[in-house]
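Reader: I am new to this structure. Please take me through how to read a few of its features.

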Amino acid sequence: MCQPCGQWRIGPSALATVTQPDCNVLMTHASVAKTLEITTLINHKDNTKKSDKTLQAIQRVGQAVNLAVGRFVKVGEAIANENWDLKEEINVACIEAKQAGETIAALTDISSLNHPESDGQITIFTDKTGVIKAARLLLSSVTKVLLLADRVVIKQIITSRNKVLATMERLEKVNSFQEFVQIFSQFGNEMVEFAHLTGDRQNDLKDEKKKAKMAAARAVLEKCTMMLLTASKTCLRHPNCESAHKNKEGVFERMKVALDKVIEIVTDCKPSGETDISSVSIFTGIKELKMNIEALRENLYFQSKENLSATLEVILERTEDFTDSAYTSHEHRERILELSTQTRLELQQLISVWIQTQSKKTQSIAEELELTVLKFSHSLNELKKELHSTATQLAADLLKYHADHVVLKALKLTGVEGNLEGLAEYACKLSEQKEQLVEICRLLRHISGTEPLEITCMHAEETFQVTGQQIISAAETLTLHPSSKIAKENLDVFCEAWESQIGDMSTLLREINDVFEGRRGEKYGYLSLPKPMKNNANLKSLKPDKLDSEEQAKIAKLGLKLGLLTSDANCEIKKWEDQENEIVQNGRNMSSMAYSLYLFTRGEGPLKTSQDLIHQLEVFAEEGLKLASSVQVFSKQLKDDDKLMLLLEINKLIPLCHQLQTITKTPLQNQVFLKIDKCIIKTRSMMAILVQLLSLCYKLLRKLQMENNRWVSVTNKDSVDGKT
């Protein structure tokens with residue numbers, strides 16, 4: 001179960017066993033979630049004039065609720081039929097939802113309200129309580145179905161994990177190539193199923209920390225699948241080689257740990273003894289300390305002086321990771337020690353003034369407290385900047401130094417030559433490089449700034465630690481068997497994993513700098529998401545898809561309209577005074593992505609392949625759902641008629657988002673043009689609604705501001721008249 005955009009919805013993984021497409025469930029329930037706002041339609045005064053526009057809007061919303069509930073119930077029943085242990089509970093909840101939807105439809109059927117013969121008709125205006133009860137019943141029943149569907153998803157993932165583990169045990173014991181090929185084929189299919197289930201679950205997670213953990217675990221499984229293939233083949237080719245067995249056992253062990261981690265995340269069961277990573281982050285500690293200090297402005301007794309001093313000492317103790325590091329320059333070390341001493345003195349001064357303020361409470365003492373708080377906060381900020389500068393400079397220098405992968409190339413060469421002395425020399429150098437990278441990951445974790453990035457740093461640290469040892473064991477196997485093609489291929493696979501992680505470190509460093517400097521515009525995604533590896537035959541490199549001239553002309557024509565809509569959206573965005581408004585940010589992101597799609601139709605821009613396009617469209621659809629959520633939040637400030645106008649526009653946008661998601665998930669099957677054509681048409685429709693929403697929201701916001709200003713003006717006038 002998840003809560004995207006503040007609403008309940010069924011994730012696509014909830015339907016892995018039913019024939020109904022994922023989009024239908026998402027669209028259906030999103031519509032239901034939206035129409036749960038039906039109670040806002042009846043928050044009107046009984047004597048309010050009911051215009052034809054209001055009556056028609058109310059009736060359309062009531063009908064939309066009933067239709068959405070009907071589709072939702074069908075999907076729920078399909079899930080129930082596939083899961084007999086939950087069938088009765090799901091069916092009961094579906095019946096309740098259906099009854100609530102029909103009740104709402106009946107109460108909002110006011111088409112004949114103005115006719116004389118309709119005087120005795122029960123409607124939303126005569127039975128407001130009935131609508132409220134129906135809406136509550138609808139919310140309750142939908143929530144029940146979602147909870148039960150979530151149990152289905154978890155059960156599917158656990159079952160899939162158990163199948164993978166059972167097949168892995170068979171792979172560990174296999175003794176012949178023929179048997180290995182058969183079992184590995186089955187293992188591959190099971191891993192694909194597990195990857196789909198966990199990928200859908202990851203997309204449904206709204207806890208960024210859990211999402212990052214899931215991405216890291218899935219990345220391990222993705223990369224280790226190829227490692228398992230070559231390591232197992234090497235063991236079968238050289239059954240008496242100790243280093244080959246050590247290499248293989250390391251892969252199996254890491255995969256088992258990753259599988260367990262996935263189950264911990266989906267079941268939300270934290271193993272005993274696991275500590276919260278925020279406790280080891282300096283930046284997190286500084287953030288919490290600043291919040292506690294600033295809280296003294298409101299409440300002088302909020303904290304004890306002992307707690308504040310202890311918190312600072314813990315932070316300063318962790319800075320020893322920087323000052324004790326052999327890679328920290330003398331200048332950085334001295335500066336960190338100097339700022340640590342200064343920060344400690346500033347806190348002592350703050351505590352002294354704080355104690356005086358508690359007893360005297362004069363204006364001058366209060367001002368002095370404010371000054372000491374500002375000084376202490378400034379000292380913490382300076383320390384934070386220095387730590388960030390130290391870690392990022394070290395990381396950048398180290399990544400640049402190891403960018404050419406000289407040690408890996410030397411290990412491959414010594415292996416082919418069978419040079420044991422050379423192996424020992426370069427294995428030692430790789431171990432030194434590994435320790436450097438591991439230490440840099442620990443420093444970066446301190447200054448990463450967000451929990452997902454902390455998790456990514458931990459994942460990188462673990463990857464370097466484990467992969468470094470596995471490269472050495474693979475190189476040892478090749479050195480002992482220099483003519484073995486499979487041993488050479490095995491070493492190549494582990495070296496590629498190392499090179500891939502080095503590349504991810506560069507992206508991680510860029511993200512950490514973006515967070516520190518407040519740049520939030522560009523999203524790089526989770527670094528631990530799996531990436532194709534050169535030697536993986538199942539993950540072929542993508543090539544640009546060729547369209548014939550007629551298809552290219554049609555795509556270009558579709559794209560032209562998209563480009564014009566992008567310009568319209570940008571014009572609407574420029575009207576807004578508050579460019580940080582969430583609606584504006586969502587709209588700007590959608591417009592930017594739509595422009596990339598437009599460039600794609602002309603054979604230009606950053607999107608080079610159809611796969612690039614599909615990925616961009618998936619993000620575009622998600623941004624559309626975020627926009628719908630932001631607009632819904634804004635609509636709560638409006639009056640009934642204005643609110644209804646926005647809700648109707650939202651209800652047009654959300655189904656398009658889900659339809660686009662479904663199209664992007666549909667396999668190509670040699671129909672590249674057809675898929676691109678459908679996607680661009682959906683994107684155009686969404687952009688047209690975006691332009692309407694931006695214009696409408698801007699007008700309603702101006703109207704709301706004018707009404708608020710008028711109210712303030714009248715209030716001030718009344719106040720002046722009263723004094724006179």
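Author: Start with burial. A residue counts as buried when its relative accessible area is under 20%, and as exposed when that area is over 50%. His-405 has a relative accessibility of 16%, so His-405 counts as buried. Keep in mind that this is a predicted model.

Reader: Where does His-405 lie?

Author: His-405 is in the loop between α12 and α13 (406-417). Its backbone is worth a look. The phi of His-405 is positive, about 55°, although His-405 is not a glycine.

Reader: Step back to the whole chain. How many helices and strands does the protein chain have?

Author: The protein chain has 21 helices and zero strands. Of its 724 residues, 50% are buried.

Reader: What share of the contacts with a separation of 6 or more comes from residues 24 or more positions apart?

Author: Such residues account for 77% of those contacts in the protein chain.

Reader: How do I read a pair of aromatic rings?

Author: Rings pair here if their centres lie within 6.5 Å. By this rule there are six aromatic pairs. One of them joins Phe-283 and Phe-516, with 6.3 Å from centre to centre and 35° between the planes. Planes under 30 degrees apart count as stacked and over 60 as edge-to-face, so this pair, at 35°, is tilted.

Reader: Which parts does the pair of Phe-283 and Phe-516 tie together?

Author: Phe-283 sits in helix α8 (residues 282-294) and Phe-516 in helix α16 (residues 485-517), so the pair ties together parts 233 residues apart in sequence.

Reader: Are Phe-283 and Phe-516 buried or partly exposed?

Author: Phe-283 has 7% relative accessibility and counts as buried. Phe-516 has 31% and counts as partly exposed.

Reader: What lies over the face of Phe-283?

Author: Lys-384 does, at 5.0 Å from the ring centre.

Reader: Which residues form an aromatic cluster?

Author: Phe-180, Phe-184 and Phe-187 form one.

Reader: How do I read two packed helices?

Author: Again there are two values: the angle between the axes and the distance between the axes. Helix α5 (residues 177-204) and α7 pack at about 35°, with axes 12 Å apart. The crossing of α5 and α7 is left-handed. From α5, the contact is made by Phe-187, Met-191, Phe-194, Thr-198 and Arg-201. From α7, it is made by Met-255, Leu-259, Val-262 and Val-266.

Reader: Now a single residue. What surrounds Ser-243?

Author: Ser-243 is in helix α7 (residues 242-267). At 6% relative accessibility, Ser-243 is buried. Not counting residues up to four places away in sequence, Ser-243 touches Ser-473, Glu-476, Thr-477 and Leu-480. With Thr-477 there is also a polar contact of 2.7 Å between the side chains.

Reader: Where does Gln-501 lie, and what does Gln-501 touch?

Author: Gln-501 lies in helix α16. Its relative accessible area is 4%, so Gln-501 is buried. Leaving out residues up to four places away, Gln-501 touches Lys-223, His-459, Ala-460, Thr-463 and Phe-464. Gln-501 and Thr-463 are 38 residues apart along the chain, with C-alpha atoms separated by 7.5 Å.

Reader: Is Ser-309 buried or partly exposed?

Author: Ser-309 is partly exposed, at 27% relative accessibility. Ser-309 is in helix α9 (residues 305-318). Beyond its neighbours within four places in sequence, Ser-309 is in contact with Leu-347 and Ile-351.

Reader: And is Ser-377 buried or exposed?

Author: Ser-377 is buried, at 9% relative accessibility. Ser-377 lies in helix α12 (residues 363-401). Its contacts, leaving aside neighbours within four places in sequence, are Lys-290 and Glu-294.

Notes
Residues are numbered from 1 along each chain as its sequence is written. This is a predicted model: local features need pLDDT of at least 70, side-chain atom pairs count only at pLDDT 80 or more; totals for chains, interfaces and linings use all residues. Side-chain values use heavy atoms; hydrogens and water are left out. Helices (H or I, at least four residues) and strands (E, at least two) are DSSP runs, numbered from the N terminus. Buried means under 20% relative accessible area, exposed over 50%, partly exposed in between (1.4 Å probe, protein chains only). A charge sits over a ring if NZ of Lys or CZ of Arg is within 6 Å of the ring centre and within 35 degrees of the ring normal. A polar contact is a pair of N or O atoms within 3.5 Å; within protein, one must be able to donate a hydrogen and the other to accept it, and residues adjacent in sequence count only if both atoms are side-chain atoms. Contact means heavy atoms within 4.5 Å. Axes are lines fitted to C-alpha atoms, for helices over the stretch in contact, and angles run from 0 to 180 degrees between N-to-C directions. A crossing is left-handed if the near helix is turned anticlockwise from the far one by less than a right angle, and right-handed if clockwise.
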